[in-house]
Amino acid sequence: MELKRIGRYAVIWVPPTLLLAAFLFRTELFGLAVKIGRYMFCPLYAFTGILCPGCGGTRATLALLQGDLLLSLRCNPSVVCIVIGLLLFYAEALCKALGKPRKLVPRSLGFWLCMIAVLLIWSVARNFFSVLQPPVMANLC
């Protein structure tokens, strides 16, 4: 019983505390992300010039750390989708911990297959249309 109670408090308090710490140390996190981004290497892009589904992810994360949601979506929309998904899963866990379970994230296979199809179509289309490619952000790196 005691372990269940500790888990409940952990679900309620740990994520907001981590989010507050990330907000307070955002300049250090931004600097770390810039350093990591400088050394990122995509073999597919380096050898073929084709953007993979993850290309632009570091720039999208940097834009989110700066609070620029539109630039983050332009760099790689999957990063914003992942953040939204994690927030919804946390909200479900929080509701369950508080004794009022809710389902906020769709559980159907069709939904997830549709999401994967959209990601694949976007990944292919961004190689043909320059407007979908991630912008060069020399001022960040």
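In which helix is Leu20 found? Leu20 is found in helix H1, and the legends below begin with the surface patch to which this residue belongs. The structure shown is a predicted model.

View 1. The patch is formed by Leu20, Phe23, Leu24, Phe25, Leu29, Leu32, Ile36 and Met40. Together these residues have about 820 Å² of accessible area. Leu20 is one of the patch residues and lies in H1.

**View 2. Helix H4 and the residue that follows it.** Helix H4 comprises residues 57-66. Its buried residues are Gly57, Ala60, Leu62 and Ala63. Just after H4, Gly67 adopts a positive phi of about 90°.

**View 3. The salt bridge between Glu92 and Arg107.** The structure holds 1 salt bridge. In this pair, the closest N and O atoms of Glu92 and Arg107 are 2.6 Å apart. Glu92 belongs to helix H6, whereas Arg107 belongs to the loop between H6 and H7, so the pair ties together parts that are 15 residues apart in sequence. Glu92 is buried, with a relative accessible area of 9%. Arg107, in contrast, is partly exposed, at a relative accessible area of 46%.

**View 4. Helix H7 and its buried residues.** Helix H7 runs over residues 109-125 and has 17 residues. From its first C-alpha to its last, H7 reaches 24 Å, close to the 24 Å expected at 1.5 Å a residue. The buried residues of this helix are Trp122, Ser123 and Ala125. Helix H6 (77-97) is included in what covers them.

**View 5. The aromatic pair of Phe111 and Trp112.** The structure holds 1 aromatic pair. Phe111 and Trp112 form this pair, and their rings lie 5.1 Å apart, centre to centre. The angle between the planes is 80°, and the arrangement is edge-to-face because planes over 60 degrees apart count as such. Phe111 is partly exposed, with a relative accessible area of 30%. Trp112 is likewise partly exposed, and its relative accessible area is 37%.

Note on methods: Residues are numbered from 1 along each chain as its sequence is written. This is a predicted model: local features need pLDDT of at least 70, side-chain atom pairs count only at pLDDT 80 or more; totals for chains, interfaces and linings use all residues. Side-chain values use heavy atoms; hydrogens and water are left out. Rings of Phe, Tyr and Trp (its six-membered ring) pair if their centres lie within 6.5 Å; planes under 30 degrees apart count as stacked, over 60 as edge-to-face and the rest as tilted. Buried means under 20% relative accessible area, exposed over 50%, partly exposed in between (1.4 Å probe, protein chains only). Patches are made of residues with over 30% relative accessible area and no salt bridge: like charges are joined within 9 Å, nonpolar side chains (Val, Leu, Ile, Met, Phe, Trp, Tyr) within 5 Å. Accessible areas come from the Shrake-Rupley method with a 1.4 Å probe; for residues, only the protein chains shown count as cover. A salt bridge is a side-chain nitrogen of Lys or Arg within 4 Å of a carboxyl oxygen of Asp or Glu. Helices (H or I, at least four residues) and strands (E, at least two) are DSSP runs, numbered from the N terminus. The expected span of a helix is 1.5 Å times one less than its number of residues. Contact means heavy atoms within 4.5 Å.
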